[in-house]
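Please consult the sequence and the structure shown below while reading.

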Amino acid sequence: MAETHSAYTDTESLIRLLDVAERLPGAVALRERGYELLRPPPGATVVDVGCGAGRAVADLAERGCRAIGVDLDPGMLAAARARFPELDLRSADVTALPLDDGAALGYRADKVYHMLQEPAAALAEARRVLAPGGRIVLVGQDWDTMLVDSDQGELTRRIVAARADTIPRPRIARSYRTLLLDAGFREATLEVHTAVFTDPPTVSLLEKHATTARDAGAITDAELKGWLDEQRERAAAGRLTLAIPMFLAAATR
Ligand SMILES: C[S@@+](CC[C@H](N)C(=O)[O-])C[C@H]1O[C@@H](n2cnc3c(N)ncnc32)[C@H](O)[C@@H]1O
């Protein structure tokens with residue numbers, strides 16, 4: 001298989017991070033905006049590719065869609081099935097979806113394309129499964145433009161850059177619109193919504209980034225400790241700020 005199915009060694013820890021992120025009010029609003037852009041007619045088949053623990057598949061089913069979730073990671077699918085036993089969840093790669101040609105009217109991929117080595121192949125597959133007039137929505141962050149309030153600016157920049165460098169395609173989100181057009185989609189649009197995190201549980205996201213930077217050799221153990229100590233103090237004092245520009249692209253087949 002040519003594509004990386006997980007940038008994380010530990011599915012459990014990814015699920016915990018996603019659980020923190022997906023419950024924040026901004027994340028809920030962003031998902032809603034994505035559903036609006038998909039505009040599925042009642043009963044339409046919509047596939048959520050890289051569905052993770054299944055939140056969006058459940059949302060789409062609640063909205064009256066015939067929602068199908070697809071993921072490659074058995075741990076993710078197990079978590080999704082445990083949370084939402086009634087959902088249609090399937091194991092497959094983004095480049096070989098278990099749907100007939102033109103079977104879907106909606107295709108959604110949220111925080112997935114940055115993991116793919118061959119996004120063009122994934123978009124060709126999206127075009128195959130979408131009927132003419134079907135809608136596609138891609139959501140994700142640009143990993144090079146994560147903003148963290150810190151007294152240690154230079155160290156913060158190194159942590160963000162080192163974390164981005166561990167991602168297969170860290171800047172793909174800024175290319176979403178162009179990729180959709182190049183893949184033959186029309187009416188492509190792009191929006192950027194800044195996700196702002198100030199709640200204490202956000203520290204777990206920052207721990208992941210800083211620890212990854214240390215593991216990559218970009219910062220020392222002492223720098224990791226100093227940086228996280230500051231962020232934990234900020235969290236305890238209600239002074240934590242993380243802002244992430246989230247790109248939301250949509251187009252028509
Ligand atoms: C960061 S998670 C996002 C999950 C979910 N979309 C969300 O927003 O919470 C990315 C998901 O994409 C899945 N994934 C990555 N590469 C994939 C591939 N080639 N085919 C299918 N799923 C893939 C991973 O297993 C993981 O569940």
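In this predicted model, Asp-149 and Arg-234 join their side chains in a salt bridge, with an N to O distance of 3.0 Å. The two partners come from distant parts of the chain, 85 residues apart: Asp-149 belongs to the loop between strand S6 (147–148) and H6, and Arg-234 to helix H9 (residues 221–236). Asp-149 is partly exposed, at 37% relative accessible area, whereas Arg-234 counts as buried, at 13%.

**Other salt bridges**

- The whole structure contains 24 salt bridges.
- Arg-128 pairs with Glu-125, and their closest N and O atoms are 2.8 Å apart.
- Because Arg-128 and Glu-125 are three residues apart in helix H5 (residues 119–129), about one helical turn separates them.
- Within this pair, Arg-128 is partly exposed, with a relative accessible area of 26%, while Glu-125 is buried, with a value of 8%.
- Asp-110 forms a salt bridge with Lys-111, in which the closest N and O atoms lie 3.2 Å apart.
- Asp-110 counts as buried at 13% relative accessibility, and Lys-111 is partly exposed at 33%.

**Packing of helices H6 and H8**

- Helix H6 (residues 153–165) packs against helix H8 (residues 203–215) at an angle of about 80°, and their axes are 8 Å apart.
- The two helices, H6 and H8, are therefore roughly perpendicular to each other.
- On the H6 side the contact is made by Ile-159, Ala-162 and Arg-163; on the H8 side it is made by Lys-208, His-209, Ala-210, Thr-212 and Ala-213.
- By residue type, the contact of H6 with H8 comprises four nonpolar, two polar and two charged residues.
- Thr-212, which lies in helix H8, counts as buried at 14% relative accessibility.
- Leaving aside residues up to four places away in sequence, Thr-212 touches Arg-163 and Thr-166.

**Cysteines**

- A disulfide is a covalent bond between the sulfur atoms of two cysteines.
- The structure holds zero disulfides.
- Cys-51 is in no disulfide, and the nearest cysteine sulfur, that of Cys-65, is 15 Å away.
- Cys-65 likewise takes part in no disulfide, its nearest cysteine sulfur being that of Cys-51.
- Cys-51 is buried, with a relative accessible area of 8%, and Cys-65 is buried, with a value of 11%.

Notes. Residues numbered from 1 in each chain as written. Predicted model: local features only at pLDDT ≥ 70, side-chain atom pairs only at ≥ 80, totals over all residues. Heavy atoms only, no water. Disulfide = S-S within 2.5 Å. Buried < 20%, exposed > 50% of the residue type's maximum accessible area, 1.4 Å probe, protein only. Axes fitted to C-alpha atoms, helices over the stretch in contact; angles between N-to-C directions. Helix = DSSP H or I, 4+ residues; strand = E, 2+ residues; numbered from the N terminus. Parallel < 35°, antiparallel > 145°, perpendicular 65-115°, else oblique. Contact = heavy atoms within 4.5 Å. Nonpolar A, V, L, I, M, F, W, Y, C, P; charged D, E, K, R; others polar. Salt bridge = Lys/Arg side-chain N within 4 Å of Asp/Glu carboxyl O.
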